[in-house]
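Hi everyone, thanks for coming. Let me put the structure up on the screen, and then I'll walk you through a few spots in it.

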Amino acid sequence: MSLDRPKSPKRILLATDLDPRSDRALDRAALLAGEFSAELFVAHVLEDIPDGEDAIPSWRRPPSLVDVARRQLLRQVGAVAQKATILIEQGDPAKAILNAAEREGCDLIVTGVAKEELFGRFSLGVTVDGILRGTRVPVLVVKSRGVNPYKQIVVATDFSAYSRQALDTAVEYFPDRRLTLLHAYDAPMSLLSSDPDGYRQERQEAARKECADFLRDSGHDADRFIAFGAPDIVMHDYALENGTDLVVLGTRGRSGIGEFFLGSVAKSIVLAVPCDALLMRHRTG
């Protein structure tokens with residue numbers, strides 16, 4: 001399978017809902033724009049705009065919601081506004097962001113995550129999930145405050161063409177960083193084996209060989225980490241123990257009814273890791 005060759009981004013779109021936590025995504029987007037010498041667009045979406053304002057006498061009209069949102073956005077982005085293009089969009093948030101990214105020719109979308117009140121857990125939220133399901137350009141989901149460039153970068157792999165493009169993208173974006181390729185494998189038949197430890201060892205050896213072949217075929221070099229377990233749990237534990245800044249992974253979607261769902265493994269990884277995640281998503285079928 002041949003996928004598009006990745007290129008470092010030249011036009012970055014930050015999607016913000018003006019939530020107090022969105023300054024994390026803003027800081028990271030501004031940092032990346034400087035690192036890549038890229039243009040930065042900052043977009044906020046208004047979902048409902050009242051009709052018929054022109055029929056109301058000017059002295060009775062409320063302040064324009066677009067103007068109010070623009071002023072609020074300018075206050076939030078501060079000095080970044082001098083280097084960014086401010087966009088106020090209208091309509092369904094996910095669709096409006098996707099339309100803005102396509103219209104402006106953006107090749108990277110940066111967004112934050114929603115925070116659930118229960119136990120302080122994070123969720124992607126409807127808008128972020130919609131962006132991930134609808135775009136073909138990479139999406140960076142920001143959780144941590146962007147103070148320094150990414151240093152500890154992990155690429156998740158299942159040895160597919162999609163994870164190959166994730167590795168290619170990580171190398172293209174961060175050519176001077178040492179990457180770690182992580183693969184988590186399961187051994188579902190070990191419970192039926194008379195020698196479960198031996199069976200798992202065989203699975204690990206097979207994964208190590210496949211990982212070596214994957215790297216050789218890619219033409220890239222990276223550290224390797226292979227472990228038994230569910231990908232989201234392995235990735236979470238590794239990122240926590242090793243101070244990972246960024247996880248990069250590829251995923252695919254399906255047309256039709258399957259288009260509604262983001263790949264479950266990719267989504268579980270994004271939600272599980274304590275760091276930022278960069279996703280490359282491709283439609284199939």
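**The cavity and its lining**

Leu32, Phe36, Leu108, Leu140, Tyr150, Tyr173, Phe174, Leu246 and Leu278 line the largest cavity. By cavity I mean a set of points, on a 1 Å grid over the protein atoms alone, where a 1.4 Å probe fits but cannot get out, and lining residues have an atom within 4 Å of a point. The lining has nine nonpolar residues, no polar and no charged; here Ala, Val, Leu, Ile, Met, Phe, Trp, Tyr, Cys and Pro count as nonpolar, Asp, Glu, Lys and Arg as charged, and the others, Gly among them, as polar. The space inside is about 40 Å³, taken as the space filled by probe spheres set on the points, which are joined across faces, edges and corners.

A word on the source: this is a predicted model, where local features need pLDDT of at least 70 and side-chain atom pairs count only at pLDDT 80 or more, while totals for chains, interfaces and linings use all residues. Residues are numbered from 1 along each chain as its sequence is written, and side-chain values use heavy atoms, with hydrogens and water left out.

Next, strand S8, residues 153-156. Strands (E, at least two residues) and helices (H or I, at least four) are DSSP runs numbered from the N terminus. Ile153 and Val155 on one side of S8, and Val154 and Ala156 on the other, are all buried, meaning under 20% relative accessible area, with exposed over 50% and partly exposed in between (1.4 Å probe, protein chains only). S8 runs parallel to strand S9, residues 179-185, and four bridges join them; pairing takes at least two DSSP bridges. Ala156 sits opposite Leu182 in S9.

Now the charged pairs. How many salt bridges does the structure hold? There are 18, each a side-chain nitrogen of Lys or Arg within 4 Å of a carboxyl oxygen of Asp or Glu. Take Arg103 and Glu89, at 2.8 Å from N to O. Arg103 is in helix H3 and Glu89 in strand S3, so this pair ties together parts 14 residues apart in sequence. Arg103 is partly exposed at 47%, whereas Glu89 is buried at 12%. Arg103 also bridges to Glu104, with the closest N and O atoms 3.2 Å apart.

Finally, Lys267 and Asp129 meet at 3.5 Å, N to O. That pair links helix H8 to helix H4, 138 residues apart.

Terms used:
On a 1 Å grid over the protein atoms alone, a cavity is a set of points where a 1.4 Å probe fits but cannot get out, and a pocket is an open set with protein on both sides within 12 Å along at least five of seven lines; lining residues have an atom within 4 Å of a point.
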